[in-house]
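Me: I am new to this structure and would like to learn how to read it. Please go through it one feature at a time.

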Amino acid sequence: MKAVILAAGRGSRLGSLTKSKPKGMTKIFDITFLEWQHATLRSSGIDEIYVITGYMSKEIEEKGYKTIFNPYWHKANMISSLIVALKNIQPPFLVSYSDIIYSNGIVNDLIKSDKELSVAYDENWLKLWKMRFDDPLLDAESFILDSKGNISEIGNKVRNIEDIQGQFMGLLKINIKAKNLILTIINQDLSKFYNYDTTRLLNELINNGFSVEAIANKDGWCEIDSPSDLKIAAKLIKDGIIKMPHKTL
């Protein structure tokens, strides 16, 4: 099994923490986000891991990671890094954002899935979002499941918390059929999709009749998008809610 970590962006909302290094090289308890992800993925038996780089790419390359450079990182959204991955790496593979920390439980569940496209989500998202935001609805997006456990809607703005069944974690698995459909849809209007985020692309796939499986995460995790998120993640680790992996390349 292979995995791809999307680490091309700077992460400007982390302020001075990413002034001289990419977001994925930010540390928490003396371990970088990329070290965390590598250790977690490897503990699930994934031994071929690629990092899509962009901002200050040499900082990542010099650490010995397998890297692929995204030349569009500075003028496009996360989807541009996903496109680079899809064009250079043969599925099946897992995709991970570079600013999330998680355990190998959800990784194992994604690996076991035989669906063409599987997405990890937090069904207990509200507790974490209340820690991160004064108003969770300012950041939360729609996430609705059908009777088969597939996502019927994702990525839209919502007004009521009761209408949200979970939140996307930034972790998914792509097989060959999903890859082909994603590239077909994106190539219809590349400039438009470069400005999409992942949830909007997923919603586009769903609207085109493609089934997107939802897999619930049962362990502690956190997205780290700001200095306050970093403090929250540190507290979750201290409290034993998030378990640190063994540090390894």
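Reply: Helices (H or I, at least four residues) and strands (E, at least two) are themselves DSSP runs, numbered from the N terminus. In this predicted model, local features need pLDDT of at least 70 and side-chain atom pairs count only at pLDDT 80 or more, while totals for chains, interfaces and linings use all residues. Residues are numbered from 1 along each chain as its sequence is written, and side-chain values use heavy atoms, with hydrogens and water left out.

Me: Are the two faces of β8 buried or exposed?

Reply: In a regular strand the side chains alternate between the two faces of the sheet. Buried means under 20% relative accessible area, exposed over 50%, and partly exposed in between (1.4 Å probe, protein chains only). In β8, L117, V119 and Y121 are buried on one side, and S118, A120 and D122 are buried on the other. With 6 of its 6 residues buried, strand β8 (residues 117-122) is therefore largely enclosed by the rest of the structure.

Me: How many residues of helix α3 are buried?

Reply: In helix α3 (residues 78-88), 8 of the 11 residues are buried, so this helix is largely enclosed by the rest of the structure. The buried ones are I79, S80, S81, L82, I83, V84, A85 and L86. M78, also in α3, counts as partly exposed because its relative accessibility is 24%.

Me: How do I read the packing of two helices, and at what angle do α6 and α8 pack?

Reply: Axes are lines fitted to C-alpha atoms, for helices over the stretch in contact, and angles run from 0 to 180 degrees between N-to-C directions. Angles under 35 degrees count as roughly parallel, over 145 as roughly antiparallel, 65 to 115 as roughly perpendicular and the rest as oblique. Helix α6 (residues 176-188) packs against helix α8 (residues 198-207) at about 100 degrees, with the axes 11 Å apart. α6 is therefore roughly perpendicular to α8. Contact (heavy atoms within 4.5 Å) is made by L181, I182, I185 and I186 of α6 with L201, E204 and L205 of α8.

Me: At what angle do the axes of α5 and α9 cross?

Reply: The axes of helix α5 (residues 125-132) and helix α9 (residues 227-238) cross at roughly 130 degrees and come within 10 Å. These two helices are therefore oblique to each other. L128, M131 and R132 of α5 meet D229, I232 and L236 of α9 in this contact.

Me: What is a nonpolar core, and how many residues has the largest one here?

Reply: A nonpolar core is a set of buried Ala, Val, Leu, Ile, Met, Phe, Trp, Tyr and Cys residues joined through side-chain atoms within 4.5 Å. The largest has 85 residues, and Y102 and L117 are among those with the most contacts inside it. Leaving aside neighbours within four places in sequence, Y102 is in contact with residues including W36, L41, M169 and G220. G220 lies in the loop between β12 (213-216) and β13 (222-223), and counts as buried because its relative accessibility is 15%.
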